[in-house]
Amino acid sequence: MGPDGVFPAEMPERGPALPGALDDNTVERLVCGRVEPDDAPPGYAGVARVLQAAGGPAEPDELAGRDAALAVFRAAGPAGERGRAGSRAQREPGPRGVPGRGRPGPRTRPGPAARGWPGGRARARVVALALAGVVAAGGLWMAGGARTVPGLRSPTGRAGSPAPGLVTQARPMTPPVTGAGANARASLQSSARQGSTSRNGGVTASRSSGHGSRQHRPGNPPTSKPKPKPKSPPQAEISKPNGSEKPRHQR
Amino acid sequence: MIGPSFAAVLAAAAGGDEAAFGTLWRDLQPGLLRYLDALAPGAAEDLASETWLRIVQGLDRFTGDERAFRGWVFTVARHRAVDRWRRRSRHRDELVPADALTGLPAPDDPAGAAVDAISSRAAVALIATLPPDQAEVVLLRVVAGLDVAQVAAITGKRPGNVRVLAHRALRRLADRLTADTRVRGAV
């Protein structure tokens with residue numbers, strides 16, 4: 001019989017206390033797991049129990065991957081990294097005598113072929129090809145500057161050509177002539193040099209005006225296409241205007 | 001926590017000592033799994049492996065005390081979880097292993113499962129039902145053992161916000177546990 005005249009089984013069960021506000025110190029102690037559930041503020045006994053469980057000791061299944069972690073450490077850890085570094089690791093002594101520092105690793109530095117760079121004869125072949133290309137390009141450049149076109153016979157057929165099949169076209173180094181002014185200038189020049197215009201036919205200015213500035217470069221005046229002769233050798237058929245003939249690098 | 005011998009353990013691990021690395025791993029792996037299990041259910045093991053790979057690769061370049069080391073480890077883990085979340089957000093379908101589902105609390109009785117079984121996994125699962133920012137703050141404080149400043153640095157929040165989130169999280173947990181107790185008492 002209770003004090004109110006009722007049996008204890010009939011008494012209304014007192015529910016759990018409603019959680020109230022917490023101060024910073026209590027929150028700090030709760031999250032650090034320093035509050036036992038029995039000592040927790042009203043309504044926070046379950047919270048204290050849950051937080052203690054969440055920060056509890058390790059369970060066996062959580063430590064099941066130790067071997068795998070050690071394998072990763074062996075493969076990608078400092079020792080493995082030094083092993084990949086190769087000779088550099090062998091030269092450097094370990095700071096403070098830490099064991100394992102400077103130990104040569106199982107792997108050595110990969111060779112040039114493994115790094116994607118050709119080695120030995122292949123490298124020499126690449127270098128030789130590159131040099132040949134540079135020399136050929138330089139020769140073509142010099143030939144273009146000297147008005148020397150490979151494979152083009154001289155229209156005059158004069159002796160004293162620099163080489164068989166290489167003919168120097170002697171032309172005055174005139175500045176670039178473009179547009180409408182080219183026609184006027186061509187007419188003036190045609191009256192001044194009658195000999196040359198008779199050979200070239202006075203087509204220099206007209207061609208330059210028709211083709212724009214593609215052939216007008218300093219030191220490389222517009223050229224006139226030589227008139228085909230009826231007795232020209234068959235090499236003239238394969239000759240092309242200056243600039244369009246490019247040597248092919250043979251490997 | 002390893003304690004005063006942490007510096008020697010870290011130096012030995014950086015020098016390639018497997019036993020020292022095993023000490024570090026044994027100290028941090030449980031908290032790492034619990035934290036990642038709340039952030040990415042079902043992928044905690046994979047993310048922990050990725051985290052340890054990064055830790056191992058940068059171990060010899062780390063300088064700092066144990067507190068900083070723990071903060072670094074959980075920062076890396078959080079980045080891995082965020083990366084995974086971004087990858088998964090591009091692919092809506094997600095395969096969840098059946099084992100991961102058994103660890104999750106049922107929606108009708110999360111608090112009961114946590115309080116009754118009181119296993120660490122169930123407790124973490126209950127914390128994971130909080131809003132994400134609150135759950136992360138509580139887990140970083142409880143599971144990882146980080147202080148307010150470290151949690152603020154990792155989550156990109158101000159320390160005051162971290163404290164407020166912790167207050168709200170504990171209050172929400174208490175409300176949920178109290179309500180569950182009342183429901184079970186009424187039944």
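## Close-up views of a two-chain model

**View 1. Chain A and its overall make-up.** In chain A, 15% of the 251 residues are buried; a residue is called buried if 20 or more other C-beta atoms lie within 10 Å of its own, exposed if 12 or fewer, and partly exposed in between, with C-beta atoms placed from the backbone. Please keep in mind that this is a predicted model, in which local features need pLDDT of at least 70 and side-chain atom pairs count only at pLDDT 80 or more, while totals for chains, interfaces and linings use all residues. Residues are numbered from 1 along each chain as its sequence is written, and chains are lettered from A and ligands numbered from 1 in the order in which they are written. Chain A holds 10 helices and 2 strands, where helices (H or I, at least four residues) and strands (E, at least two) are DSSP runs numbered from the N terminus. Along the sequence these elements follow the pattern α-α-α-α-α-α-β-β-α-α-α-α. Of the contacts in chain A with a separation of 6 or more, 35% are between residues 24 or more positions apart; two residues are in contact if their C-beta atoms, placed from the backbone, lie within 7 Å.

**View 2. Chain B, with its helices.** Chain B has 10 helices and 0 strands, which gives the order α-α-α-α-α-α-α-α-α-α from the N terminus on. Here 45% of the 187 residues are buried. Contacts joining residues at least 24 apart make up 59% of those in chain B between residues at least 6 apart in sequence.

**View 3. The side of chain B that touches chain A.** Chain B brings 48 residues to the contact, and chain A brings 41 residues. On the chain B side, α1 (6-14), α2 (18-39), α3 (44-57), α6 (110-117), α7 (120-128), α8 and α10 (159-186) each supply at least two residues. The largest share, 13 residues, belongs to α10(B). Sorted by class, this side of chain B has 26 nonpolar, 11 polar and 11 charged residues; Ala, Val, Leu, Ile, Met, Phe, Trp, Tyr, Cys and Pro count as nonpolar, Asp, Glu, Lys and Arg as charged, and the others, Gly among them, as polar.

**View 4. Helix α2(B) beside α3(B).** The two axes come within 9 Å and cross at roughly 135 degrees; axes are lines fitted to C-alpha atoms, for helices over the stretch in contact, and angles run from 0 to 180 degrees between N-to-C directions. That makes α2(B) oblique to α3(B), since angles under 35 degrees count as roughly parallel, over 145 as roughly antiparallel, 65 to 115 as roughly perpendicular and the rest as oblique. Look for Trp25(B), Gln29(B), Leu32(B), Leu33(B), Leu36(B) and Asp37(B) in α2(B), which meet Ala44(B), Leu47(B), Ala48(B), Thr51(B) and Trp52(B) in α3(B). These residues divide into 8 nonpolar, 2 polar and 1 charged.

**View 5. Helix α2(B) beside α8(B).** The axes of α2(B) and α8(B) come within 10 Å and cross at roughly 175 degrees, so α2(B) is roughly antiparallel to α8(B). From α2(B), the contact uses Arg34(B), Tyr35(B), Ala38(B) and Leu39(B), and from α8(B) it uses Ala135(B), Glu136(B), Leu139(B) and Leu140(B). The classes are 6 nonpolar, no polar and 2 charged residues.

**View 6. Helix α8(B) and its surroundings.** Because 9 of the 11 residues of α8 (residues 132-142) of chain B are buried, this helix is largely enclosed by the rest of the structure. The buried residues include Gln134(B), Glu136(B) and Arg141(B). The axes of α8(B) and α9(B) (residues 148-155) lie 10 Å apart, at an angle of about 135 degrees, which makes α8(B) oblique to α9(B). Glu136(B), Val137(B), Leu140(B) and Arg141(B) in α8(B) meet Val151(B), Ile154(B) and Thr155(B) in α9(B), a contact of 4 nonpolar, 1 polar and 2 charged residues.

**View 7. The largest nonpolar core.** This core has 73 residues, and those with the most contacts inside it are Val47(A), Tyr35(B), Leu36(B), Ile127(B), Val138(B) and Leu139(B). A nonpolar core is a set of buried Ala, Val, Leu, Ile, Met, Phe, Trp, Tyr and Cys residues joined through C-beta atoms within 7 Å. The largest share of the core, 11 residues, comes from α2(B). Leaving aside residues up to four places away in sequence, Val138(B) touches Val31(A), Ile127(B), Leu130(B), Ala166(B) and Ala169(B).

**View 8. Val76(B) in helix α4(B).** Val76(B) sits in helix α4 (residues 66-90) of chain B. This residue has 19 C-beta neighbours inside 10 Å and therefore counts as partly exposed. Its contacts, not counting residues up to four places away in sequence, are with Thr51(B), Arg54(B) and Ile55(B). Val76(B) and Glu50(B) are 26 residues apart in sequence and 9.0 Å apart in space, C-alpha to C-alpha.
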